[in-house]
Amino acid sequence: METHSRDVTLDMIANDFETPDSFKWAGQLKTAFESRSGNTEPDVYVDICDASFRYSFEYLGSASRLVITPLTDRIYITATQACHLKLGCALAGPAGTGKTETTKDLSASLGKAVYVFNCGPEMDYRTMGDVFKGLASSGSWGCFDEFNRLVPEVLSVCSVQYKAVLDAMRANADSFTDDGAEYRLHPHVRARTAIPRCCSVPDSAPLCPHNSPLVPNLCGASHILC
């Protein structure tokens, strides 16, 4: 983290970025402790571009952090903008390029709990519905690996289930309806899917902006590690 911050600072100095609204600076995760939105008590906020998130203070332990490269920055911007617009985010790329780890690292930066689900053809729409209910009620993030392995019938239904959660979020509702039952909606709900590059994007594509980590930045990672 410190090495990345140093490189960003040196790059901004070298390219004469002098205003706080420059994209190079706006595109970095920044933490602030202040009062916002009429709240009298100050709180911790994380800002990036025009998106702002209240830090969730989820206990995640003293885990190691991801090496941050320019590709990581682009994914952070895409994912946080999707969250800001109350959408999901679909990362597409070959195995081993860091889709899941980048999502987990971003959630750690925001103090969010994230649960990783390995999708398979044995998962039916009831299973997916239970997952969405739990994530929406707890405010946790969901990371769906191998999302394309779900059968088309389940993909079709779960996209409708997920859209019901998003519609409730956009309406600032306190609850959402799924399969005829009403469930509590936590004010901060997000989801991320992982789609291999060789696979087609499912019908839920309009709900998920895409970002493609095609090749890991080995040169940048080696520079930081060394």
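Student: What is the relative accessible area of Thr72, and is this residue buried or exposed?
Tutor: In this predicted model, Thr72 belongs to helix α3. Thr72 has a value of 6%, so the residue is classed as buried.

Student: With which residues is Thr72 in contact, leaving aside its neighbours within four places in sequence?
Tutor: A contact requires heavy atoms within 4.5 Å. Once the neighbours within four places in sequence are set aside, the partners of Thr72 are Leu66, Val67 and Thr102.

Student: Which residues does Thr102 contact, leaving aside its neighbours within four places in sequence?
Tutor: Thr102 is part of helix α4 and is buried, with a relative accessible area of 6%. With its neighbours within four places in sequence excluded, Thr102 contacts Leu66, Thr72, Ile75 and Tyr76.

Student: Are α3 and α4 roughly parallel or roughly perpendicular to each other?
Tutor: The axes of helix α3 (residues 70-84) and helix α4 (residues 99-109) come within 11 Å and cross at roughly 65°. Angles of 65 to 115 degrees count as roughly perpendicular. The relation between α3 and α4 is therefore roughly perpendicular.

Student: Is the crossing of α3 past α4 left-handed or right-handed, and which residues make the contact?
Tutor: The crossing of α3 past α4 is right-handed. On the α3 side, the contact involves Thr72, Ile75, Tyr76, Ala79 and Thr80. On the α4 side, the contributing residues are Thr102, Asp105 and Leu106.

Student: How many of the eleven residues of α4 are buried?
Tutor: The buried residues of α4 are Lys99, Thr100, Thr102, Thr103, Asp105, Leu106, Ser107 and Ser109. The helix is largely enclosed by the rest of the structure because the number of its eleven residues that are buried is eight.

Student: Which residue follows α4, and what is its phi?
Tutor: After α4 comes Gly111. Its phi is positive, with a value near 70°.

Student: Which residues do the ring pairs link into a cluster?
Tutor: The structure contains six aromatic pairs. Ring pairs join several aromatic residues into a cluster, whose members are Phe117, Phe132, Phe144, Phe147 and Tyr162.

Student: Is the aromatic pair of Phe132 and Tyr162 stacked or edge-to-face?
Tutor: Among the six aromatic pairs of the structure, that of Phe132 and Tyr162 has ring centres 5.6 Å apart and 20° between the planes. Planes under 30 degrees apart count as stacked, whereas those over 60 count as edge-to-face. The pair of Phe132 and Tyr162 is accordingly classed as stacked.

Student: How many residues apart are Phe132 and Tyr162, and which helices hold them?
Tutor: The pair links distant parts of the chain. Both partners are buried, Phe132 at a relative accessible area of 8% and Tyr162 at 9%. They are 30 residues apart, with Phe132 in helix α5 and Tyr162 in helix α6.

Student: What distance separates the C-alpha atoms of Gly129 and Asp179?
Tutor: Gly129 lies in helix α5 (residues 125-138) and is buried, at a relative accessible area of 4%. Asp179 occupies the loop between β7 and β8. Although Gly129 and Asp179 are 50 residues apart along the chain, the distance between their C-alpha atoms is 8.7 Å.

Student: Is Asp179 buried or exposed?
Tutor: Phi of Asp179 is near 55°, a positive value in a residue other than glycine. Its relative accessible area is 71%. A value over 50% is the criterion for exposure, so Asp179 counts as exposed.

Student: Where does Asp16 lie, and what value is its phi near?
Tutor: Asp16 is placed in the loop between α1 (2-14) and α2 (23-26). The residue is exposed, with a relative accessible area of 58%. Its phi is positive, in a residue other than glycine, and lies near 60°.

Conventions
Residues numbered from 1 in each chain as written. Predicted model: local features only at pLDDT ≥ 70, side-chain atom pairs only at ≥ 80, totals over all residues. Heavy atoms only, no water. Helix = DSSP H or I, 4+ residues; strand = E, 2+ residues; numbered from the N terminus. Buried < 20%, exposed > 50% of the residue type's maximum accessible area, 1.4 Å probe, protein only. Phe/Tyr/Trp six-rings, centres within 6.5 Å; stacked < 30°, edge-to-face > 60°. Axes fitted to C-alpha atoms, helices over the stretch in contact; angles between N-to-C directions. Parallel < 35°, antiparallel > 145°, perpendicular 65-115°, else oblique. Left-handed = near helix turned anticlockwise from the far one by under 90°.
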